[in-house]
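Colleague: I am new to this structure. Please take me closely through one part of it, the salt bridges, and then through the strands around them.

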Amino acid sequence: MMRKTMIVVSLITCVCSLFAGGFALTGVGSRATSMGGAIRGMADDGSAMYWNPAGLGFLDFNSYDLGATLILPSSKWDNNGTMTTGGTVIAGYEHKEYESKSILRGFPSASVVLAKNPKYKFGLGIFVPYGLGATWDAYQSPTSMQMGSVTLPVSYESGFPKEELMSSLAIVDIHPTFAYQINSDLSAGLGMSIFYSTIQLKTIDFKPNPAAPTDQSYQFAPITTDLQGEGLGFGFNFGLLYKATDLISLGISGKTPSTVSLEGDAEVLLWVPQVATQASAKLGGKSDITADLNLPGDIGVGISYKVKPNWVVNLDYAYTMWETLETVKVKMDDPIVITPALSVSESQINFLWEDTHRISVGTELALEQNSYRCGFFWDQSPIPEDTFSPTFPDINNKISSNFGFGHHFGNWTLDMNLQYIIFSEREIKTQNYTNNNKNGVYNANSISGNIGLTVKL
């Protein structure tokens, strides 16, 4: 059972890590993102469908929006020379700092808002609230080993992966929204998320070499997993927006916990190396796989204050209930038999993720046809040391700096945003073999840009 659990952990910890704040998109809408996501108390454009759907209740125009986000993440991992399994150092990892592969990724968005009715407002948004991942080429399969005074060649079957740690995720949210203006000071909104997710994941672990003699030092063989899948899920978000005075407005919004049901296939292979008289082998196979991932709910509040008619300052606080991701169960349609003593069928994994806090502040200054914006946020990572690995983009608590610009020409508006996120350095000192975490020192940052074009009619 322990061996089964360890293999399935390597599959699922990759999946779940990508739903953390990390290099996943930090918000929707160029204007809202440029204010650090401090928008719940304002929510006066199409991005309100994501941040606070009640914001549509005070709009009195129809609008159409197209946008795109480009993100370039960067991660570094210094393993401190401590890559071990059961206390034995794993050959193939150098003591050095590795850097993840830099991949520029793009995510589109679009929205329609119909808000000319005095009371009833409607919207439909299509955006990508979660995405990205990480790709590593850290493990170099040894080509030789020393046995006493003799150097022996080491080789594997063809197809051994070059980039053995990889995670790539995109979740598209199709988001119909309804808002109702209760009176001149208060509105309420409700939105529905129809999630479509695509996932590709690779990881590596090490198991006892079933062909190694007891007197041979090459006792461990790499075991790799390659998972691809897609799935659907559903959720809701809600909000209230209250205009306390002409200068101050207050907003509260949140989303319910939801579940994404994944279907796909997983390949699990144990790579037995050729050493001396030991023949190389590639043991294992493929199976269809299903899993239900529980996504967290959250709740947030925001306040917006007009310092002057053309200058607004916003403050937000959000609480995300990541404890809903405590366990995940994975089922394989057909058990993957690797050796008579090692197979994979299903397992329930403990993640022990923690609830998080996020604080955002942002401002917007309008001067004639132009708007100038900036914002900051501080956000916690939910991932504890026991379940952390390089495939987790969200390495630690982070600070984001955002700068934005908008230009208005007639009914059209062009918005742009530049965002830089830096993560606090994190050191993992205790290796948890059950959860396949990895020791070392981690650093990360992310640069992203956002552009949006809106027409109001």
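**Salt bridges and their surroundings**

Modeller: Start with Asp137 and Lys162. They form a salt bridge, and their closest N and O atoms are 3.0 Å apart. Keep in mind that this is a predicted model. Asp137 sits in the loop between strands E6 (120-136) and E7 (144-147). Lys162 sits in the loop between strands E8 (150-155) and E9 (165-181). The pair therefore ties together parts that are 25 residues apart in sequence. How open are the two residues? Asp137 has a relative accessible area of 25%, so it is partly exposed. Lys162 reaches 60%, so it counts as exposed.

That pair is one of 11 salt bridges in the structure. The general idea is simple: side chains of opposite charge can pair when their charged atoms come close.

Now turn to Arg373. What does Arg373 pair with? One partner is Glu364, with the closest N and O atoms 2.6 Å apart. Another is Asp415, where the N to O distance is 3.0 Å.

Glu364 has 10%, so it counts as buried. Arg373 has 4%, so it is buried too. Asp415 has 7%, so it also counts as buried. Compare the opening pair: Asp137 is partly exposed, and Lys162 is exposed.

The chain of contacts goes on. Glu364, Arg373 and Asp415 belong to a network of salt bridges that also takes in Arg31, Asp44 and Asp45.

Follow Glu364 next. Where does Glu364 lead? Glu364 lies in strand E20 and is the bridge partner of Val312. Val312 is part of strand E17 (residues 311-320). E17 and E20 (residues 356-367) run antiparallel and are joined by 10 bridges.

Look at E17 itself. In a regular strand the side chains alternate between the two faces of the sheet. E17 shows this. Val312, Asn314, Asp316, Ala318 and Thr320 point to one face and are buried.

E17 has another partner, strand E16 (residues 298-308). These two strands run antiparallel, with 10 bridges between them. They form a hairpin, and 2 residues lie between the strands. Across this pairing, Val301 stands opposite Tyr317 of E17.

One last stop is Asp65, in strand E1 (residues 63-78). Its relative accessibility is 22%, so Asp65 counts as partly exposed. Which residues does Asp65 touch? Leaving aside residues up to four places away in sequence, the contacts are Ser109, Ala110, Ser111, Leu453 and Thr454. With Thr454 there is a polar contact between side chains, at 2.6 Å. Asp65 and Leu414 are 349 residues apart along the chain, yet their C-alpha atoms are separated by 9.9 Å.

Methods. Residues numbered from 1 in each chain as written. Predicted model: local features only at pLDDT ≥ 70, side-chain atom pairs only at ≥ 80, totals over all residues. Heavy atoms only, no water. Buried < 20%, exposed > 50% of the residue type's maximum accessible area, 1.4 Å probe, protein only. Helix = DSSP H or I, 4+ residues; strand = E, 2+ residues; numbered from the N terminus. Pairing = 2+ DSSP bridges. Salt bridge = Lys/Arg side-chain N within 4 Å of Asp/Glu carboxyl O. Contact = heavy atoms within 4.5 Å. Polar contact = N/O pair within 3.5 Å; in protein donor to acceptor, adjacent residues only side chain to side chain.
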